[in-house]
Every structure is written in structure tokens, then in C-alpha cells.
Amino acid sequence: MRRIITGTTCLLLTLMCLGSASAQEKSITVGWAAWDPANALMELSKDFTKKTGIQVHGEFIPWPQFQQKVFTVLNSHGDTFDVLIGDSQWIGSGAEYGHYVELSQFFKNNGIDLKKDFAAGPVHYYAQWPKGSDHYWGLPTEGDAVGWTYRKDWFAKPELKKAFKQKYGYELAPPKTWKQLKDIGEFFQGRTIDGKKVYGMAIYTKRPGDGISQGVLSAMWSWGVSMHAPDDPYDLQGYFNSDEAVDALKFYKSLYDCCVPPGSGDNYMEADLDAYTSGQVAMAMNFFAFFPGISRNPNVGDVTGYFVTPGHDGHHGTQLGGQGMSVVSYSNKKKWAKEYVKWFSQPEVQKKWWELGGYSTRKSVLNDPGFDDSEPYAKAFKESMKIVKDFWETPNYGELLDTAQRHFNQYIVGGQGTAKEALDAIVRDWHDSFEALGKYDN
Amino acid sequence: MSNATESSAARQGLRHEERPATARRRHRWALSDRALSWLFIGPTISLLLLINIFPLFWTIYLSFTNYRANIPIRPIRWVGLRNYTRIFESNEIWHYLQITAHFVVWSVLLETILGFALALLLNRKFRGHGLLSTLLVLPMLLSPALVGLFWKYIFDPQVGVFNYIVNYLLNAGSFSMLSNPHLAPWAVVAVDVWMWTPFIMLLCLAGLQSVPDALYEAAEIDRASRWQKFWAVTFPHVLPLLSIAVLFRAMESFKVFGLVMQLTGGGPGGATELMSVAVKRAAFVTWKTGWGAALAIVMFVIVFGASAVFVRYLNRVSQR
């Protein structure tokens, strides 16, 4: 009897070990930032596990450490991530330094036609490197851009509507131009609404990371600014420090000076979200990724409207956010990782991704007749995807970004120097950076 | 143990071959004093070499190269003194040094004055002495990043208690400590002083309590005034410990990072961008690893040089 019990126990233990070993083997790890869309993706991935038996684990890193931690892993050729949902700016270094697996052939073999199936902007910025080529390193995953939320209830108050029209000569409504945005900001700044002092708007101003640049660039794209000559990506002089660029930067500073709550010199996504959801501001700049959360927020969800970043003088643009999905070349599970990418690209999966709060950029989802009314922010998102532009995606983007962050923050928040001086300094530093990489050797 | 056995056998007049087998066996396995001491300090020395000395030399080497940690496939090229010349040619280094000097000088000065004053207060016995001592020491037990985070809320112009108090007392209107480039450096100094004054206080208190009562009694007999007692008896006794405290604080203040990153992130407009923040940005944001390493070495040389001078002064003080 004792032998039987011992033998059965041994057998069960062996089976359990084998079982857990095989479960461990059949799994992949997805790396992304720690935020709501990542949780939605985990929910969605349960379908993938059901279909393939491959478990999907998430390695989600808080935003402030996201870039540094991911690149520490990639630079040391670590296999922490099998699939990485990395920022759009990483595509250059991912491709050129061998961190990402090229997926062009894989897409072809599996009938995935990015140009045909996905919106053009996201494909250009999340997948393609070099730009304009047929080489793809990622699949558009979380389409995102800088957009705006506003207090519909405040905008609808008859006394405020009347006072606004009297002062500015046009209706109080979501702004179509940056000038209107400033008018509205000034109008609400310091006003008392429902017994509480409120402010005009919350905008990005943060120095560490990429905060202030995301805000300034949104204005610059609407002023028609370009970072370089159309036919030469390293010809910088006269583009990013053009008169239009100077005007856009000055205008952004004027928003900081006139229309934000006190102590807004270190604002980025979370701070803007807090300012808006706590009822401090009439309007807030933020990424679309936060809008599903805002629409469900008990304080402001029902009274929030959404609008696309305004235009200026016939130009219209906004800064791209979001990420693409890439397979990490140091992964030991590339086959399963590719399987996951293929599964994620499917129309029905993309549809469910949108329903769960992710931002699909697949045309079948965006062009669905019911899309615009599916969520209160859906239409603004679709419009934004047509006008997005991104910062540098070259391998040295980190250096270029830090330069921009420093000079923007010194000028806007620190009040040092002029807009022209700040932009000249940025162009000079960018030139030095490209020169160090040998881009002007010929 | 083995030495004791050997000497006992020798005292008994036994030749080596005639000593008990157990003693011989022990001798074979026993360690000499030198071996034993190496065994004890070996792990520590290995760890020191591995996590302190090797990275230091590796950083020195990298500072003479064009290495970028984000381009592992690019061969590392020796660039001689180029990183250093570029550092000293740029205006940025002077900006960082100026801001760091402002922070170090003011924070250490205020901590020393307040720490010494608090130590004098706590050197007397009074009701609630124990509770007050414990409360005063609490800030230095907290994590700098955490301190930075909650002071950020305290300084918040909307909901922070600091603005509320200032407005209540001075009616200063709406202002922000951390978004104002003139006030932010003082906000960082204030938080560092709040956190580290207890450290100086503790060392000063130890110095105060080591002063023999006989000296005060002698001073009393000589009819010395309170100021004379302080200047001739108390201060000289506390000075060595106070100097050590100042040295530690100066070194630490020069390297402060977590607190500033949480509180201001180097902003607004670079007003609190200390050397340590600049090194981190060079190494892990722009990935100019060689340049960042050179910046770190410059910082190391400044701290090391200043500390060496101070230690010499300290030796002179303690020899008096």
C-alpha cells in the first residue's frame, strides 16, 4: 500500500513538473508602459491564449522609467521581452542597432498589407524604417495623438456664452484655431464657476522625458513647421528655426503665461489629467489614450467633450503619440512572438481592441459606419490620425529630444532668452549631433 | 588554537614526531593568522573591487572614448581628452557647477547652524526631551525620493499647505515655489535642510555630551561668562565631530539626485539642474556615455579634491 501511495505521489509530482515546464515554455512576454491600454491588451490576449495555448505575460514599466529600462535591456541584448510595444521614436534605433526583427517578409508571407489595411500616418511612424522604404519593423498597435478635452457643461452655461460672445464676438465653442483656444483660456482663467476658482487650460510643460516637446510640437505642426528640408533630413537651418517656428513657440509660451493654473511648470500626462478631472481647468491637452478613462470618470465623464488640436493659418497638425508592436531580436521565442503579432493584426481582433479601450488604426475599424459614434472621442481620434506628425525617429533621437526639452523649458517655464535664441540653439545642437554621427561627411 | 597546542607540546619537551596525533592533525588543517585575516576581509575586498574600484577605473577609461551604450555594435574609439575639453569649453558645465555650488553652500551652511542650535537645545534635559529627539530625527530616516515627492505636494500652489500658510501670514497671492526659477533652488535647499539637519544635530549632540563636566566646573571657578564657556570649552570639543558632519554633508549634497529629480526634475528651465542630474541625463537620456563618464569624473575629482583638503584640515583640528 505504501509503495502505491509513494508511486502515485511521485507520478503526480512528475506530471505537475512536466505540466508547469510546458506551460512555462509556451509563453511570451510583452513589454509596454504601465497604463490602462496595457491592461486592456492583457484582457484581449486571453483570446490569443485560448486560440494558441500560448500564455501572454506583461512586463509593464511606469512611464518615467519606460525608455531607460527598455534600452538598458535591449543594449545588453537581454531577452526580457519577446514582443515590445515601443514608442514611435524608437523605430530607428530598433532597426539600425538590431534590437527589432524586420517583419516585412513575415507580413508578406502572412497576407498582412500594412499600407492597404492600416491608416497611413501610423504605418509611417510606428512601422517603417527607413522612412519611405518598404521595410517594416512593427505593427501599429496603440494609435495615439495629442488631443483636447473640454468642459461641455461650462461651455453651455448661458451667462458664460453671452459674456464670451460680448467680449470676443463669436460663439463659445470648441476652438478651431490656436487663437480661439487662447481666447477661451483667457476667458476662463481665474473665473469662479459653481463657487470654485477655475483656470483656462492644462498644457504640457515638463522638462524630464518628452513632455514639453509634445506640447510645443503640436503647436508647431499647426504652424506648418518642418524639422528639416523636404529632400534632405539633415538640412536643418531655416526650418525648425523659421519665422513660423518662432511664432508657434512664442504662442505656446503665451498660453503658459496667460491661461494655466499656478504651479503648472512641471506638467505632463498625469498632471494634466489631475488638473482636468479635479475640475480646475476648462480645457486640457492630453493623449487620446487617457480619454477612455476620462469618459468613465465619475466627476467629469458625462460633462466632457473632445476636440482635435486646433489649426493655424490653413495648417493643421498634432503631435503623434502611441506605439507599434515589434518582435525583439534577442528573444528565444520569436516564432510565438510573430504568431502574436499576426493574431493582433486580424480585423476581428482589432475591432475588439477598440471596444476594450485600445486605439486601433486598422482601416476596417476606423471606416466602420458606426465608428464615429462608438465613443465620444472616436471622431476626434480619427481626425487626429490624419494630421499626425512625429519628432525625430533617428537612432540619436534621445539626444535630439533632450536638447529640445532643455531649450523649450528654459524659454517657456524659465523665461530665459527669446524664442529665436531657443530655436537657434536647438538647431545648432541638432546639427552637432548629426555631425558627430558623420551625416555631413560628404 | 593550533599555536596553543604546539606551545603546550613544546613546553612538555616533546619532539614533533612525538606530539599527539590529534595536535598534528589540527596543525595540518589550521590557518595561520594572516590566512585567517585574509579569509575575513577577502569577501569585503572582492566586493569593493567589483562594485567600487572596477567601475571607477572603467568609467575613467570610458571617459576617454566615444562610447555610447545605446550603440553596442559601434566599436569603441579612443578620443583622448576630447570629452574633457568639450566639457570645459561648453557653458553648460559652469551652469551646472554654479547651481550645484549654490545648493551645497546654502544647504550645508543652514544645516550646520540649525543642527548645532538644535543639539544645544537637546543637550538640556526637559519634559518631552525623548519625544522631541525622536521626532527631529525622523526626516533623515526617510527615502530622499519619497521626501521629494511629498514636499512636491506641500509646495503645490493649489492644494499645498506651504502656500496656504504663506498666504495666511503674508497674503502673498498665487505663487509657485517649484515653477518659479528664482524660488525653486531655494525650495530644494529648504527640503534638504529639513531632511538632513538632524544628521548634523546628532553628531553635534555626541560632541556636546563628551565634554567633561570638570572643564565647565573649572570655567565656573575662573568666573568665565556663558559665551567664554561656549567658545573656550564647548566649541573646541564639538569642532572635530562637527567638521566630520560638515564633510559628510558636503559630499552627499554634491551628489544629491533622488530628491531633486522628484521635487523639480532639474527644472524649471534648468534652475535646479545639479551636476548629478546632468550626469544622469548624459548617460541615460542622451546615451552619450563617454561624455557622461567624463562629466562624472570631473564631479568625482571636485568632491575628492575638496574632501582631501578638508580631511587635512580635520587632522590639524584633531591634533590641537
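**Notebook: cysteines and the A–B contact**

I looked up A:C258 and A:C259 and found both buried (under 20% relative accessible area, with exposed over 50% and partly exposed in between, 1.4 Å probe, protein chains only). This is a predicted model, where local features need pLDDT of at least 70, side-chain atom pairs count only at pLDDT 80 or more, and totals for chains, interfaces and linings use all residues. Residues are numbered from 1 along each chain as its sequence is written, chains are lettered from A in the order in which they are written, and side-chain values use heavy atoms, without hydrogens and water.

I searched the whole structure for disulfides (cysteine sulfur atoms within 2.5 Å) and got 1 over all chains. The disulfide joins A:C258 to A:C259, S to S 1.9 Å. The torsion about this S-S bond is about -80°, so the disulfide is left-handed. I also checked B:C204, which is buried at a relative accessible area of 0%.

Next I took the contact between the chains (heavy atoms within 4.5 Å). Chain A gives 32 residues and chain B gives 29 residues. I noted a buried area of about 2,400 Å² between chain A and chain B, 49% of it from carbon and sulfur atoms; this is the accessible area (1.4 Å probe) that two parts lose on being put together, summed over both. A:N75, A:Y97 and A:E399 supply 22% of the area that chain A buries against chain B, more than any other three residues.

I counted 6 salt bridges between chain A and chain B (a side-chain nitrogen of Lys or Arg within 4 Å of a carboxyl oxygen of Asp or Glu). One of them pairs A:D402 with B:R281, the closest N and O atoms being 3.9 Å apart.
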